[in-house]
Amino acid sequence: MKESLTTFMKAGLVDYDAKSRDEWIFLHPGQVVASVAQMTWARGTESSLRAKDPTKRMIAWFNECKNELQKLIVKIRGSLSKLHRSIIVALVTTDVHARDIIDELVQRNVDSIQDF
């Protein structure tokens, strides 16, 4: 079982970097989507804080996250299976929380991973 989960998670992570996010969410089990989305959000946030100009990069990251959230909202308004709708609803919930965290980091002028 552990081996299967590891395989699914690795595949989800590889696909996340290779495919558009709105395509990627339909290719993997819901728990993989939820977990990989959180992993990639943390990776993107840390990368932004480590950038040469972290303030500018965090604002750009915030805008990227908002754009991805908007794409999900468009998807959820369309015709979806019950399973896909559930996956997207869960992802929207975590994406809203992630967006709010980035917004707070920007508002508080957090510009280093050492700030918290």
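A polar contact is taken here as a pair of N or O atoms within 3.5 Å, where, within protein, one atom must be able to donate a hydrogen and the other to accept it, and where residues adjacent in sequence count only if both atoms are side-chain atoms. The structure is a predicted model, in which local features need pLDDT of at least 70 and side-chain atom pairs count only at pLDDT 80 or more, whereas totals for chains, interfaces and linings use all residues. Residues are numbered from 1 along each chain as its sequence is written, and side-chain values use heavy atoms, with hydrogens and water left out.

The protein chain contains 5 helices and 0 strands, and its elements follow the order α-α-α-α-α from the N terminus; helices (H or I, at least four residues) and strands (E, at least two) are DSSP runs, numbered from the N terminus. The C-alpha trace spans about 40 × 35 × 20 Å along its principal axes. Of the 116 residues in the protein chain, 28% are buried, where buried means under 20% relative accessible area, exposed means over 50%, and partly exposed lies in between (1.4 Å probe, protein chains only). Among contacts (heavy atoms within 4.5 Å) with a separation of 6 or more, 57% are made by residues 24 or more positions apart.

In soluble globular proteins, nonpolar side chains tend to be buried together. A nonpolar core is defined as a set of buried Ala, Val, Leu, Ile, Met, Phe, Trp, Tyr and Cys residues joined through side-chain atoms within 4.5 Å. The largest such core comprises 12 residues, namely Trp24, Ile25, Val32, Val33, Val36, Ala37, Leu69, Leu72, Ile87, Ile88, Leu91 and Val92, with at least two residues supplied by each of helix 3, helix 4 and helix 5. A second, separate core has 11 residues, including Trp41, Trp61, Phe62 and Val106. Within the largest core, Ala37 touches Arg21, Trp24, Val32 and Leu91 when residues up to four places away in sequence are not counted.

His28 is located in the loop between helix 2 and helix 3 and counts as buried, because its relative accessibility is 10%. Leaving aside neighbours within four places in sequence, His28 is in contact with Ala11, Gly12, Asp15, Val33 and Ile87.

Asp95 lies in helix 5 and is likewise buried, because its relative accessible area is 11%. A polar contact of 2.7 Å joins the side chain of Asp95 to that of Arg21, and, apart from neighbours within four places in sequence, Asp95 is in contact with Arg21, Leu69 and Leu72.

Rolling a probe the size of a water molecule over the atoms shows where empty space is left. On a 1 Å grid over the protein atoms alone, a cavity is a set of points where a 1.4 Å probe fits but cannot get out, whereas a pocket is an open set with protein on both sides within 12 Å along at least five of seven lines, and lining residues have an atom within 4 Å of a point. The largest pocket has a volume of about 200 Å³, a volume being the space filled by probe spheres set on the points, with grid points joined across faces, edges and corners. Its lining consists of 13 residues, of which Tyr16, Arg21, Trp61, Cys65 and Glu68 lie nearest the centre of the pocket. Two or more lining residues come from each of helix 3 (30–49), helix 4 (54–76) and helix 5 (82–107), and helix 4 gives the most, with 5 residues. By class, the lining has 7 nonpolar, 1 polar and 5 charged residues, where Ala, Val, Leu, Ile, Met, Phe, Trp, Tyr, Cys and Pro count as nonpolar, Asp, Glu, Lys and Arg as charged, and the others, Gly among them, as polar.

Further positions were considered individually. Glu23, in helix 2 (residues 21–24), is partly exposed, with a relative accessible area of 41%, and its C-alpha atom is separated by 11 Å from that of Lys71, 48 residues apart along the chain. Ala90, in helix 5, counts as partly exposed at 41% relative accessibility, and Ala90 and Asp22, which are 68 residues apart in sequence, are 14 Å apart in space, C-alpha to C-alpha.

Most residues other than glycine have a negative phi, and most peptide bonds are trans. Asn109, although not a glycine, has a positive phi of about 60°; Asn109 is found in the segment after helix 5 and counts as exposed at 57% relative accessibility.
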